Amino acid sequence: MNAPTGTTLDTFISGDLGTPMDRPLTIVIVGAGSRGYAYADLAAKRPDTARVVAVAEPREQIREALATKHRITPEHRFAHWRDLLERPRLADVAVIALLDADHLAAATGLADLGYQLLLEKPMATTEADCDAIAEAARRNGTALAVTHVMRYTPYTLKLKQLLAAGAIGDIVSLQHLEPIGYYHFAHSFVRGNWRREDESSALLLAKSCHDIDWIADVVGRRVARVSSFGSLTHFRPEAAPKGATDRCVTCPLRNSCAYSATTLYREGLRNGGTKQYFTRIISADELTEEAVTAALTHGPYGRCVYHSDNDVVDHQVVNLEFDGGATASFTLTAFTPLENRHSKVFGTTGQLTGDGRYIDVYDFRTETRTIHDTSLDGSSAAEGHAGGDEALFNAFVDALHGGRPELIVSGIDASLAGHRVVFAAERARRAGTVVEL
């Protein structure tokens, strides 16, 4: 089996999108949370080709902050994304950064109005809904890109270049780890918006459809069979330390518990760094002792991780078999530091090891290793996905503004294929079977 030779846009609905534009691409931000805000800021870095002209966000303070920063007129500031469906199209592009459950209605409705779509992952929470979004894009001639940012990072591009050049021969197997990080998991998947499947989706879909997509992209073959195992093992009432209370602010263990909300968010407030990213979320971007204390006392982020209402798994493994016989194993787990993903690709003439920044190639024939540094400042997931956020956004803008559709490498068919593998893995996990695709 040969290594992949590169990526091209799998499905791009053209219309007049192959023609360069002589004005900035106009954008509406649909959901001004951390993701929507980030894309708006990326647009502001290139005003000659992209301009944010509208925002839809129910939280008034956040909506007004983004609108003021990007000089959005009052009549284009909306309290709900559904308001956009009640009027003619206001921009060329809708960046959909809503909660997962809203993706179907927003994406199909906005596609029907003629918006081009940059859609946050996952596409939707069910396979049928993903199909419906793809169908809406196709019937409207919509350029749809899903934010599989890992495809766009300098690290991934270099890794695929090395594989295509035969650095390790033919790919035989791949091993990939997503170390979510203990306090990131507690924030997002125990206390936060993605803690329950009935309100968001399974963990594999919400957090790691990125990774399944990346594995398939690197191997460059169709996934044929899937198995999976995983469960919610630790963040349960029976695992609570003796004496733990329902809220961290009242808990006598708050200064010794590894998952203490008071420690996490107050460290973010006082010391900055990556933890401040999470503190900003719970305090609605108000970095004061009063705002953080109020959130810890009354909001969901102050709950004990052992006494929340979460039900998503806290660890999972997925095994993949590809056409031609290559295999891959994927592990996601809460129980790690917050760090970059780790991968090993095993080939017929060598081994490639990577961590999101460094790529170490070991050659069996010469018994030598070569290390490639793909970044000057290995970024964390909270700091732009190691350059993936900006590279994705720039590719999407350049594809539409410059008439270069081949720049989009996370289009309809590739994204659908990756999502289908995720849904198959969940069926396999629940049934304890091997699922064939």
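**Close-up 1. Residues at the contact of helices α6 and α7 in the predicted model**. His-184, Phe-185 and Phe-189 of α6 meet Leu-203, Ala-206 and Lys-207 of α7. By residue class, the contact of α6 with α7 divides into four nonpolar residues, one polar residue and one charged residue.

**Close-up 2. Geometry of the α6 and α7 pair**. Two packed helices are described by the angle between their axes and by the distance between those axes. Helix α6 spans residues 182–191 and helix α7 spans residues 203–219, and their axes come within 11 Å of each other while crossing at roughly 130 degrees. The two helices, α6 and α7, are therefore oblique to each other, and the crossing in which α6 passes α7 is right-handed.

**Close-up 3. The setting of Arg-341**. Arg-341 lies in the loop that runs between strand β10 (327–333) and strand β11 (342–347). With a relative accessible area of 16%, Arg-341 counts as buried, because the cut-off for that class is under 20%. When its neighbours within four places in sequence are left aside, Arg-341 is in contact with residues including Met-150, His-176, Leu-177, Pro-179 and His-210, as well as Gly-354, Asp-355 and Gly-356. Lys-207, which also belongs to the contact of α7 with α6, is likewise among the residues in contact with Arg-341.

**Close-up 4. Polar contacts made by the side chain of Arg-341**. The side chain of Arg-341 is joined to that of Glu-178 by a polar contact of 2.9 Å, and a polar contact of 2.5 Å links the side chain of Arg-341 with the side chain of Asp-211.

How values were computed
Residues numbered from 1 in each chain as written. Predicted model: local features only at pLDDT ≥ 70, side-chain atom pairs only at ≥ 80, totals over all residues. Heavy atoms only, no water. Helix = DSSP H or I, 4+ residues; strand = E, 2+ residues; numbered from the N terminus. Buried < 20%, exposed > 50% of the residue type's maximum accessible area, 1.4 Å probe, protein only. Polar contact = N/O pair within 3.5 Å; in protein donor to acceptor, adjacent residues only side chain to side chain. Contact = heavy atoms within 4.5 Å. Axes fitted to C-alpha atoms, helices over the stretch in contact; angles between N-to-C directions. Parallel < 35°, antiparallel > 145°, perpendicular 65-115°, else oblique. Left-handed = near helix turned anticlockwise from the far one by under 90°. Nonpolar A, V, L, I, M, F, W, Y, C, P; charged D, E, K, R; others polar.
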